[in-house]
Amino acid sequence: MFRSVLNILVFVLLLAFVAVTLAFSTSRLSKVNCSELNVMIGKGSPRFIGEEEIKRLILKADANLFEKKMDEINTEQLEIALKKVAAIKNIEIFRRITGTDMAFKGKLLVEVTQREPIFRVINDQEDFYMDCEGVRIPASEQFTAKVLVANGQLDEKYAREKLLPLVTFIDENEFWKAQIEQLQVNQDGEIVMAPLVGDQLIEFGDAKNYRQKFQNLKALYEQAFPKTGWDYYSKINVKYTNQVVCTKK
């Protein structure tokens, strides 16, 4: 009985402490101006846009940020505005007050994670990246991602609907991710692959049945190349069902 009463008393005191703390924090938020904006990009995150550009976008979304009290800043609206930027996958904004009673300082802390591209598209008119969700990310002069490159006669629609499943398969397969470095798409939507090891071209055909085509190609790599060497063929054609046609140099 005594233990139950004690537990209830501790719980009530804890609630009172939290209420007083929140009230005190709210009171300080209403008295302190925002004077500092700190942006942190997650460790290991791509950097299509840097800290200064993110600060500029925040100030564009709220031009009077540094004139407001901390409790007047709508962090949720700022997050919504910044999530419209294609390169940003997630953003969290926190209000913090530091200092002493005589010199409180209001800070806005911004934590950003940017999208991870899995391939880059370069054609006659466009240059952009795409992530595993099919989100288009504009290319940046400040950052270059080391990913597979697709070029030739392809647009965003083809990249998302046709290439994305194939490239995702490559990206998730340790062997093919290390082996395939470039895709060339012709006007018929057929793909030619350039491997990292060996100087032969792989005529892949369209993106249909890509799993079976890679399975056939893997069999060639495992059974023939150990005997012939990696540079024995100039072309490898896997576009036809259950066929691998090789052209000698």
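Which residues of helix 3 are buried? I began there and found T75, L78, E79 and L82. I take buried as under 20% relative accessible area, exposed as over 50% and partly exposed as in between, with a 1.4 Å probe and protein chains only.

**Ground rules**

I am working on a predicted model, where local features need pLDDT of at least 70, side-chain atom pairs count only at pLDDT 80 or more, and totals for chains, interfaces and linings use all residues. Residues are numbered from 1 along each chain as its sequence is written, and side-chain values use heavy atoms, without hydrogens and water.

**Helix 3 and helix 2**

Back to helix 3 (75-82). The arc is taken over the directions from the helix axis to the C-beta atoms. On the face turned away from the buried side of helix 3, I noted the exposed residues E76 and Q77.

Next I checked helix 2 (residues 51-61), where I54, L57 and I58 are buried. These residues lie on the same side of helix 2 because they cover an arc of only 100° around the axis. E52 and K60 are exposed on the face turned away from the buried side. What do the buried residues of helix 2 pack against? I listed strand 1 (34-41), helix 3 and strand 3 (103-114). Contact here means heavy atoms within 4.5 Å.

**Whole chain**

I counted 7 helices and 12 strands in the chain. Both are DSSP runs numbered from the N terminus: helices are H or I with at least four residues, strands are E with at least two. Of the 249 residues, 36% count as buried. Among contacts between residues at least 6 apart in sequence, 56% join residues at least 24 apart. The accessible surface comes to about 15,200 Å², and 52% of that belongs to carbon and sulfur atoms. The areas are from the Shrake-Rupley method with a 1.4 Å probe.

**Largest pocket**

I then looked at the largest pocket, which holds about 190 Å³ of space. Of its 13 lining residues, K146, V147, L148, K177 and I180 are the closest to the centre. Helix 4 (156-172), helix 5 (174-179) and strand 8 (180-185) each give two or more residues to the lining. A pocket is an open set of points on a 1 Å grid over the protein atoms alone, where a 1.4 Å probe fits, with protein on both sides within 12 Å along at least five of seven lines; lining residues have an atom within 4 Å of a point. The lining divides into 8 nonpolar, 1 polar and 4 charged residues.

**Single residues**

Is P195 buried or exposed? I found P195 buried, at 6% relative accessibility. P195 sits in strand 9. Beyond its neighbours within four places in sequence, P195 is in contact with Q179, E181, Q200, I202 and Y221.

Q187 lies in the loop between strand 8 and strand 9 (191-195). Q187 is exposed, with a relative accessible area of 72%. I also noted 5.3 Å between the C-alpha atoms of Q187 and Q153, which are 34 residues apart along the chain.

I placed N209 in the loop between strand 10 (201-205) and helix 6 (210-223). N209 counts as exposed at 57% relative accessibility. Its phi is near 55°, a positive value in a residue other than glycine.

Technical notes
Grid points are joined across faces, edges and corners, and a volume is the space filled by probe spheres set on the points. Ala, Val, Leu, Ile, Met, Phe, Trp, Tyr, Cys and Pro count as nonpolar, Asp, Glu, Lys and Arg as charged, and the others, Gly among them, as polar.
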